[in-house]
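Please look through the sequence and the model below with the following report at hand. The report goes from single helices to their packing, and then to loops and individual residues.

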Amino acid sequence: MELWKAALDFISIDPIGNMAKATAISVIVHSATHLASRPKKSPKVQTSPVHEFLTAFKISAIGTVALYSLAVLFGAPLLRNVEKTAWLVLLMVSLSVFPAGLAVGAKTASVHEIANVFGRKSSRVGNLMQTRILVTLLGAWIGCIFLPMDWNVKWKFYPIPVAVGATVGALVGGAAGMLAGGELKRIE
């Protein structure tokens with residue numbers, strides 16, 4: 001319990017800086033994992049890693065706009081705390097949409113699987129990506145429960161509980177995907 005309290009106190013000292021660091025670490029870890037899991041010999045068509053990363057960043061840009069709009073619709077401040085909301089959205093994108101974009105690679109036909117989260121037809125990997133995105137959003141939404149409480153603690157102020165909820169949601173979504181039998185691998 002003390003470790004959890006110490007972690008929340010550390011996050012509350014500089015929430016924007018810590019979200020920026022977490023976003024950068026998330027992108028670096030997912031990129032390194034993706035590069036390490038690339039097949040050495042391609043069975044059909046090998047796309048370059050640069051093209052795959054550009055595709056992932058394009059998908060992430062679309063996801064950023066969509067998640068920012070969704071955050072504002074769910075009550076995030078529109079004109080106040082724009083920087084906090086922007087870093088929160090970038091953290092959520094780096095935890096959910098960016099790994100899904102890397103898994104898609106440069107196959108533009110599969111980008112539809114990420115955009116169509118509630119689609120009926122999807123591959124196993126597409127379902128895992130969708131689960132991770134939805135559980136990250138659910139975790140952020142559950143984190144909002146702590147915002148209106150009148151506790152006298154520093155970590156309950158916006159956007160700290162939402163960011164912690166999104167991070168826990170991404171971890172749960174990733175673990176659920178791995179337990180279901182598949183990691184986020186590149187779609188062939």
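## Helix α7

Helix α7 covers residues 160-179, and its 20 residues should span 28 Å at 1.5 Å a residue, which agrees with the 28 Å that separate its end C-alpha atoms; the expected span is taken as 1.5 Å times one less than the number of residues. Helices here are DSSP runs of H or I with at least four residues, strands are runs of E with at least two, and both are numbered from the N terminus. The buried residues of α7 include Ile160, Pro161, Val162, Ala163, Val164, Gly165 and Ala166, and also Gly169, Ala170, Gly173, Gly174 and Gly177, where buried means under 20% relative accessible area, exposed means over 50%, and partly exposed lies in between (1.4 Å probe, protein chains only).

This is a predicted model, in which local features need pLDDT of at least 70 and side-chain atom pairs count only at pLDDT 80 or more, while totals for chains, interfaces and linings use all residues. Residues are numbered from 1 along each chain as its sequence is written, and side-chain values use heavy atoms, with hydrogens and water left out.

## The chain as a whole

The protein chain has seven helices and zero strands, so that, by the DSSP runs used here, its elements read α-α-α-α-α-α-α from the N terminus on. Of its 188 residues, 41% count as buried. Among contacts with a separation of 6 or more, 71% come from residues 24 or more positions apart, contact meaning heavy atoms within 4.5 Å.

## Packing of α4 against α7

The axes of helix α4 (residues 82-104) and α7 come within 10 Å and cross at roughly 5°, which makes α4 roughly parallel to α7. Axes are lines fitted to C-alpha atoms, for helices over the stretch in contact, and the angles run from 0 to 180 degrees between N-to-C directions; angles under 35 degrees count as roughly parallel, over 145 as roughly antiparallel, 65 to 115 as roughly perpendicular, and the rest as oblique. On the α4 side the contact is made by Leu88, Leu91, Met92 and Leu95, and on the α7 side by Val162, Ala163, Ala166, Thr167 and Ala170. These residues divide into eight nonpolar, one polar and no charged, with Ala, Val, Leu, Ile, Met, Phe, Trp, Tyr, Cys and Pro counted as nonpolar, Asp, Glu, Lys and Arg as charged, and the others, Gly among them, as polar.

Val162, in helix α7, is buried with a relative accessible area of 6%, and, leaving aside neighbours within four places in sequence, Val162 is in contact with Leu88, Ala140, Gly143, Cys144 and Leu147. The C-alpha atoms of Val89 and Ala166 are separated by 9.8 Å, although the two residues are 77 residues apart along the chain.

Helix α3 has 25 residues and reaches 35 Å from its first C-alpha to its last, close to the 36 Å expected at 1.5 Å a residue. Its buried residues include Phe53, Ile59, Gly63, Leu67 and Ala71.

The axes of helix α2 (residues 15-36) and helix α3 (residues 49-73) come within 12 Å and cross at roughly 140°, which makes α2 oblique to α3. In this contact, Ser31, His34 and Leu35 of α2 meet Pro49, Glu52 and Phe53 of α3, and by class the contact has three nonpolar, two polar and one charged residues.

## Loops and backbone geometry

Most residues other than glycine have a negative phi, and most peptide bonds are trans. Asn81, in the loop between α3 and α4, has a positive phi near 55° and is partly exposed, with a relative accessible area of 31%. Just after α3, Gly75 also takes a positive phi, of about 115°.

In the loop between α6 (124-143) and α7 lies Pro159, which is joined to Tyr158 by a cis peptide bond with omega of about 0°. Ile145 lies in the loop between α6 and α7 and counts as partly exposed at 49% relative accessibility.
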